Amino acid sequence: MIREWSASFQSRSPCFLFSRLGLTYIYFYCSQSAIPMTNGFLEQKSRGGYFWETRKVCAAGCSPVTLRVMSEQLTPETLLPGLEAEWERQGDIFDVTVNDQERIVLANPADIHSILTDGNYAEKGHFFGGIQLFGDEITSVSGAEWRKSRDITGPAFHRQAVKDMTSRVAAVGAKFADDLRARDGEVINVQKEMTHLSLQTILGVLFGKHVETADRLAYQTLNETLEFATLPQNEINNGDTQRKFMDHIVKLNDIAQGIIDRTRAAGHDQDSLDLPNLLVHSRDKQTGEPLDDERIRNELLAFLFAGHETTSLTMTWFHKLLEDRSDITEKIQAEVDAVLGERTPQLEDLSKLTYTRQVIDEVLRFRATVPLVSRTARDDTKLGDRQIKSGDVVVPFIWGAHKHPDFWRNPEMFDPDRFSAEHSAGRDRRAYLPFGLGNRLCIGKALALTELTVFAAALAQRTTFEMEPNDAQPAVYVTVRPDSPIHATVRSRP
Ligand code: HEM
């Protein structure tokens, strides 16, 4: 049916909004065929090229999906300063309009805590309001569907599973740092290298043996895909952008499907906690049905994104924030030399790398890579004096909580010592939530902290980075990236 509609419109104007029977589709036309843009995911490829069956993107009566994510005023570069200015102007609970939609933003840790632990806000919200890159997956669904995702994938992240992963994470980190040491004198793009490192790690420790070399080389595609979620309208309307977006989605879906096919062909490995193995061989407790391939693809891609982008950016900001702080770099090196010498870190070493961990904790405070999350209110309620209506999107502003002057002394100062045991005593724990809070707490928190500590140690053992002068500022592409490249010359440590 949809194919027929698409075919009949192929000669029409470049961008055509089609709404019928309460189902809304947006079609973009390129020279040879139609590109239905759904809210980011594709059900079934047909005929090759850019021709896809699509599916319902919003229920009857809802307004058409708009691909405009940020207004001209609110760009990735201006989002954080814009929110901070509104916070200053309006106070701890403030209103902003994103894409013509009202959002209620919370900067006070006490309010954030109450929202993220309250069942009235169990449903995810959409801060950006526009394109969703994939369909149903753990980060986007709520209720029973979310529980299902979390139950299936949870075993891969249990405390013991993460402990067991430490030596594999360390091996990847050590190999990467060895290779980097051999590139003494070379100028590197720090974010690109850190993306490479975290992607290799996630694919290696979570995705298991059915990942192919070609999949490992997809980091450029992955890196660029999140940017589509925050493009302004004029760029989204550009035909080249649309073609590129579709190319990316096709490529990523093909990679995920390849992993699924190879995992299925290998049969069920009862002992393996690899994500593809858990997802492909899971069975619904009531019906005994497996997950369909579309859902598994979405889940795999969600984990790939959530699992590599955040850690690579944290490592990128780590180096940026240390560029003028040789005092901190030297303290990390001294600790690593004392605890590890030339050894690769093992599980029991992590608790001894206390200063290294303090620096990581402060990087995550100062440059929260996930700066905000969002929730939808189920019922009418109140937050303090503020009336919240059913359906309102409420936005815990993690970035703001980490800089709240009532909770942090000199919040604008980068100071790892604030996380020493002595200075941490008595701090209100609600003010620090880089991994979120409540039942949607980051499933990868323990793994991420292991990775970050191990990466920082492995690099400090073997290299120093001489940072080139740069003025990179935080820009929000869902996560917080530097707005310009950060380069460094690698020096091998004697
Ligand atoms: C520095 C690293 C990381 C940071 C700062 C981070 C941050 C976050 C935050 C703030 C949330 C909560 C989102 C919300 O409440 O709506 C979250 C959720 C999530 N994270 Fe992470 N994350 C990191 C690393 C990882 C890793 C390594 C993985 C997996 C390998 C991962 C997978 C996920 C998933 C699947 C969710 C959704 C959980 C759910 O909704 O039940 N994250 N993360």
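Start with α12, residues 293-321: this helix supplies six residues to the shell around the ligand, the largest share. (Helices are DSSP runs of H or I of at least four residues, numbered from the N terminus.) You're looking at a predicted model, where local features need pLDDT of at least 70, side-chain atom pairs count only at pLDDT 80 or more, and totals for chains, interfaces and linings use all residues. Numbering runs from 1 along each chain as its sequence is written.

Now select the whole shell: 23 residues surround the ligand, with G307, T310, G436, C442 and G444 the closest. Being near means a C-beta atom, placed from the backbone, within 6 Å of the molecule. Besides α12, α18 (445-462) gives two or more residues. By class, the shell has 13 nonpolar, eight polar and two charged residues. Ala, Val, Leu, Ile, Met, Phe, Trp, Tyr, Cys and Pro count as nonpolar, Asp, Glu, Lys and Arg as charged, and the others, Gly among them, as polar.

Next, slide along to T314, W317, F318 and L321 of α12, which meet V363, L364 and F366 of α15. Contact here means C-beta atoms, placed from the backbone, within 7 Å. The two axes, lines fitted to C-alpha atoms over the stretch in contact, with angles from 0 to 180 degrees between N-to-C directions, come within 10 Å and cross at roughly 100 degrees. The helices α12 and α15 are therefore roughly perpendicular, a label covering 65 to 115 degrees.

Last stop: pick F397, then show L83, V105, L106, A107 and L372, which F397 touches, leaving aside residues up to four places away in sequence.

Terms used: Two residues are in contact if their C-beta atoms, placed from the backbone, lie within 7 Å. Angles under 35 degrees count as roughly parallel, over 145 as roughly antiparallel, 65 to 115 as roughly perpendicular and the rest as oblique.
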